[in-house]
Amino acid sequence: MIRESFNEGWTVKRRSSMFESMGGGGGGVGVTLPHDAMLAQGRSPESSAGSFGGYFNSGAWEYEKTFHAAESWRGRRMTLEFEAVYRDAMVYVNGAAAGQWANGYSGFLVELDPFLEYGKANTVRVEAQAFKDSRWYSGAGIFRPVHLLVGGLAHVAPNGLRVSTPEIDDDMAVIAVEFDLVNKSTETKTLDFNIEIRDGDGRIAATARSRATLLAGDHLTSLERVYVEHPQLWSPESPALYSARAILLDGGEILDESTTTFGIRRLSLDPLRGLRINGKSVKLRGACVHHDNGILGAATHAAAEERRVRLLKEAGFNAIRSAHNPMSKAMLDACDRLGMLVMDETFDVWATGKTDDDYSRRFLGWWERDIDALVAKDFNHPSVIMYSIGNEIPEAGTRHGARWSRLLASRIRQQDPSRLVTNAINGMSAARDLIPGIMAADQDPTAADAQDSSGFNDLLGQFTELMDKVISLPEVGERLIEDASTLDLVGLNYGDALYCADRERFPDRIIVGAETFPAHVDRYWKLVRENAHVIGDFTWTGWDYLGETGIGKPVYPGEGASLATPYPWLTAGVGDFDITGHRRPISYYREIVFALRSEPYLAIQNPEHYDAPFKPRAWSWSDSLATWGWNVEPGTPITAEAYADADEVQFWVNGELRATSSVGTEKAYVATAELTYEPGTIEAVAMTQNRESGRFLLKSAGDAVQLVAEEEAASGLADGCDDLVFVNVRVVDAAGTTVTFDDRIIEVDVTGSAVLSALGTGRPSTTESFLDARCTTYHGRALIAVRRQDAPGRARITIRTPGLADTVLQLTGHPDPDLVEVPVPVQTSTGQAAK
C-alpha cells in the first residue's frame, strides 16, 4: 500500500469525561506529530511518576484530526498506521470505536473504511494515558509518526513485504522476496507482479516477474527467489543497502506497490568462534539506550534518532540495545544506514509487574500481538541481529517463567528464524528469596549507618559485590538452566562473575553482557576479548535519559545517599553522552579501552571536593570535566586524571613538567596527578617505552565575549514537518574557547519558515522546561532543536543574553539576503586533540 504522512493538522488536550465535555472546554492546541504530550504537563515533587518518571505529571490526553475523505476513496482501502501511541490507545473515527492497542511502544493498524463518510469531513480521535506505568520517563500520546496507507481492493498487505537472504557467497546471493497479497473485491483476480532489486546507487541488481490468482476475499503469501550477482555485503564497517520493490498489476495497470530496504549479510554464532558477520568475528561494543530524545522528550523524530546513532557510532559503539522496549522505525533505519548492530527488546515485564499499572496487567492478552508487531517491524532491517524477550523479568529462575520464555522465543522463531533470541537476565531477580540471607551473613554489626559520601561509595561497592555473590550461587545457576535452554544466547545483566565459570560448567553456552556498570568497562572488555563465548558488552548507558533520577549522581559529604534523587533532579545522570549529545569524559575513556583512540584524554576532578573525591562506582564515573577553566584561586589543589593506553603520563602546566604518573596504578588506562591550579594550559603527554605516543591539551578560558551558534549538518532524512535542525550554543571567550563556569540565561527567537521545537541543556537537575524559549546554559552549553516548515522562505535564529551582543544564525538552505554573516573563530575547550 502507498504510505502518506498523516502527521499534520492535529490538536491535543487533556482528556475529560463525557459529563465534563458537555460544558465545553475548548478544542485543544494545534500540534504536528510526533508529539510528546507529557512535556507540557510540567513537573512537580508530588508527581505520581516520582523519580522513575523524572517527576513529570501523569495524565490522559485526547488527540483529534479532521480530514476530507474524497469521493474517489470509494473502492479503495484506507488504513491508518500508528508507529506507537503511549499508552492504552483508543482510536475513534467519526465517534465510533475503530481500534485500540495496549502497549505504548508497538506499531498497529486501524482500518478506516467501515467508518468513513465520503465527500465529507471526517474526524479521527485518539485517546492515550500514562499513570504509574513505567520505571523511566515514558512520555505520552502519539509520540511516533502516523501514516495513511492507501491501496486498491487488491493490494500488498501493510508490512507484507519481507526480504531474506538464505544463501550468500562471493558470487551470488539468493534473495527470498515474500509478500502478502490481499483481494478485498468480490471477484477472482489473476494479477501480475514485478519485483525489482536495486543497489545503493539505484542500479537494477535483479528482477523477476510472476502471476497469482486470488479468489474473492483471499489473503495469500507469495514467495519469489531472485538472484544478485557479486553482492555487496552489509556489515558495521560497510553498511551496503539494497531496495526491493513489489509492483502489483492488473492488465498492465499498477494497482499497488510496496518498497523496503534490506541488507545482504550472513550471521552465525557458536561458543568457539563467537559472533560472526559475513564470516568475520565481531565483538559487540554496546550501548543501552532509552527511547527518549532528551530535550524533545519521547517524540521520535527521524533526524534526532539518526543523530543519536551517528554520535554513538563516532564514539566507538557498534551496537545498541533498545532498553526496554521496541526500537523506533526511524532509529532502525539509521542503524541500517550507519552500520550499528541492534538488540531489539520486547518487554520490561511479563505477567509480574514492577510498577502499579504497567504492562504486566495487559501481558496475557496482548503478548502475541506485540511479538508479531516487533518481528514485522524488524524483519527487513539488517542491523537487527537479535531479539531480547525481556529485561530483568521477575519470573526468571522459575519453571513457569522458563515456560513463558520458551513461548515467547518460539513465537519469534516461527516468524523469523534468521535472528538470535536472548533475554536480559539479572541474577538478583532470580534469587530474590536468597538475598536477605546473604545480606545477613555479610552484615558487619560494628559498621556505622553512614549516609555521607564515603558511606554511599561503600553502599555502591557493596551492591556490586552482592550482585557478584548472588549470580555466582550454585542455586541460581540451577534455577537458570531451563531459562538458558530456551535462548540462543544468555543475556546477563551485571553477571560478569559467570563469564568464566559458565565456560567450564556449560561449555556450549554463549553469553552477552546485556547490561553492565560503566565504571568497570576495563574489566568487562578484558573478559570479552579473552573469551570467545562472551560476544560483547552493553553499558548502562550510552546516552543519559529522563527519569530514574540521579542513579549516577556523585554524592559528597553531608548529602543523603539514595538511588532515587529528589526533585528537581530530572535525568539519571549516567551515560557517555548527556541528553543533548555532549560527550562526557567516560566516553573517551571507553574509546581508549576499546583500542579505538590513540591519543590520551584529560579531565579534571572538581576541586571543590578535593578532600573527598568521588570515585567511579557502579553507574557513576568521577566528577571530572574536560576543562581547565575552574573558578578557583591560583594555587588551589586539584586532581587531574588522564586516560591513555600507555606506560605513563606526563602532566605539563603552562609548559612546565609538574608530574609523571604511571598508568593503571589504581585503575586500568588511568593516570592521576595532584597539581595546583594555574590559569593557562594543562597538557597530558602519553609515554610508551620512554617515547611519546600522544598528547592532549586543555586551555583556560577568558571572559565571555559572545555566544556561538553552530548548526549541525542536516541529516537529509525528512522533509516538511519532520525536518529537525540542531544548533549547539556555546558561551565563548575571544579565542573561541568555551567558558565552562559562566552560565547565563539565554533567550531564543526563531523567525521565518521554522519553529522552535525544544531548548535545553544537559543539566541533570533543573526546574526549567524544554518547551520554553529561554534556559540557563550548563557548563557553557545549550542545545536548540528547530523544526523547519514545509514552506518557502528564510529562517533564522536569534539568541540573546544580557551583556553580550545578539547572535544571529541563518539556517542552511534558507537564504536570507538581509543577513550578513560574520565569521567567528571557533575552538573547542578541549583544545588541539579534541574530537
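View 1. Welcome to the inside of a predicted model, where local features need pLDDT of at least 70, side-chain atom pairs count only at pLDDT 80 or more, and totals for chains, interfaces and linings use all residues. Residues are numbered from 1 along each chain as its sequence is written, and side-chain values use heavy atoms, with hydrogens and water left out. Lining this cavity are 19 residues, of which Tyr105, Asp133, Trp136, Asp348 and Tyr359 are the closest to its centre. A cavity is a set of points on a 1 Å grid over the protein atoms alone where a 1.4 Å probe fits but cannot get out, and lining residues have an atom within 4 Å of a point. The lining divides into 6 nonpolar, 7 polar and 6 charged residues (Ala, Val, Leu, Ile, Met, Phe, Trp, Tyr, Cys and Pro count as nonpolar, Asp, Glu, Lys and Arg as charged, and the others, Gly among them, as polar). Across the whole structure, the search finds 6 cavities of 30 Å³ or more.

**View 2. The largest nonpolar core holds 187 residues.** Tyr63, Phe82, Leu284 and Leu602 have the most contacts inside this core. Helix 4, residues 363-378, gives the most to the core, with 6 residues. A second, separate core has 26 residues, including Ala212, Leu214, Val226 and Ala246. Such a core is a set of buried Ala, Val, Leu, Ile, Met, Phe, Trp, Tyr and Cys residues joined through side-chain atoms within 4.5 Å.

**View 3. Thr627 sits in the loop between strand 29 (601-604) and strand 30 (637-643).** Thr627 counts as buried because its relative accessibility is 4% (buried means under 20% relative accessible area, with a 1.4 Å probe and protein chains only). Look for the polar contact of 2.9 Å that joins the side chains of Thr627 and Thr740 (a pair of N or O atoms within 3.5 Å, one able to donate a hydrogen and the other to accept it; residues adjacent in sequence count only if both atoms are side-chain atoms). Not counting residues up to four places away in sequence, Thr627 touches Ile604, Leu698, Thr740 and Phe741, with contact meaning heavy atoms within 4.5 Å.

**View 4. Tyr677 lies in the loop between strand 33 (670-676) and strand 34 (681-688).** With 4% relative accessibility, Tyr677 counts as buried. The side chain of Tyr677 reaches the backbone oxygen of Trp628 at 3.2 Å. Tyr677 and Trp630 are 47 residues apart in sequence, and their C-alpha atoms are 8.4 Å apart in space.

Notes
Helices (H or I, at least four residues) and strands (E, at least two) are DSSP runs, numbered from the N terminus. Buried means under 20% relative accessible area, exposed over 50%, partly exposed in between (1.4 Å probe, protein chains only). On a 1 Å grid over the protein atoms alone, a cavity is a set of points where a 1.4 Å probe fits but cannot get out, and a pocket is an open set with protein on both sides within 12 Å along at least five of seven lines; lining residues have an atom within 4 Å of a point. Grid points are joined across faces, edges and corners, and a volume is the space filled by probe spheres set on the points.
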